[in-house]
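Let's take a walk through a protein together. Keep the picture in view while you read, and look up each place as we come to it.

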Amino acid sequence: MEGGMVDPRSTALLVVDVQQGFVNQHSRGIIPAVVRLVEGWQAAGAPVVLSRFRNEPGSPYETITGWTRLRTPEEQALVTDLAPFAATAAAIIDKAQASVFTPEGARTIHEAGWTDLVLCGIDTDACVYDSAVAAYQAGYRPWIVTDACASTGGARYHDAALLLAARNIGAKQLITSEVVLSRISGTQGAHA
């Protein structure tokens, strides 16, 4: 996708943890942008991967930080607007860690032969950032869709994660949904 068009055969959209338990006043505003990305991706015949976080009893989230949310089926459920896309997703990765690069997730991504991973979702500063860094370290090209990510902790955490991502995976890897959708739908010139 470097500077040009998105190849739908080698570029997957990873929708990270857009679940009921992660929706609050800071994060709910991105849901329409995430849905537009999924719709655009599917219209282009490109793969969409959904991830769902589960906070298992005894996890480091509980034992170290005291965080016990994302335990119930209601909290773990995809947001209503995304639920219809689960049936047509290329994969659904259930995970008990921040990154989508669980053994199952890493195998799914490797076996599919994708080279570029476009990430959106919640939280920018946790699961999205950790997945992008893991992708980078595993030799994939990660892209973070800045206006389709949010932090439940608010804008300062979202902005801090993007600052670190610009430094650690490259500022050119941060893009907007408008840009990435134009690249996959072919509405942009080849030299953009």
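Predicted model: local features only at pLDDT ≥ 70, side-chain atom pairs only at ≥ 80, totals over all residues.

Residues are numbered from 1 along each chain as its sequence is written, and side-chain values use heavy atoms, with hydrogens and water left out. The pLDDT is the predictor's confidence in each residue, from 0 to 100. Its mean over the protein chain is 93, and 94% of the residues reach 70 or more. Over residues 187–192, however, pLDDT stays under 50.

Now for the helices, which are DSSP runs of H or I with at least four residues, while strands are runs of E with at least two, all numbered from the N terminus. Two packed helices are described by the angle between their axes and the distance between the axes. Axes here are lines fitted to C-alpha atoms, for helices over the stretch in contact, and angles run from 0 to 180 degrees between N-to-C directions.

Find α1 (residues 31–43) and α7 (residues 177–185): they pack at an angle of about 10°, with axes 10 Å apart. That makes α1 roughly parallel to α7, a label for angles under 35 degrees. Contact means heavy atoms within 4.5 Å, and here R36, L37, G40 and W41 of α1 meet S177, V180, L181 and I184 of α7.

In a second pair, the axes of α5 and α6 (residues 155–170) come within 9 Å and cross at roughly 10°. That makes α5 roughly parallel to α6 as well. Among the residues in this contact are Y129 and Y136 of α5, and H158 and L162 of α6.

Next, the backbone. Most residues other than glycine have a negative phi, and most peptide bonds are trans. D17, in the loop between β1 (11–16) and α1, has a positive phi near 55°. The peptide bond from I122 to D123 is cis, with omega near -5°, and D123 is in the loop between β4 (116–122) and α5 (124–137).

Technical notes
Parallel < 35°, antiparallel > 145°, perpendicular 65-115°, else oblique.
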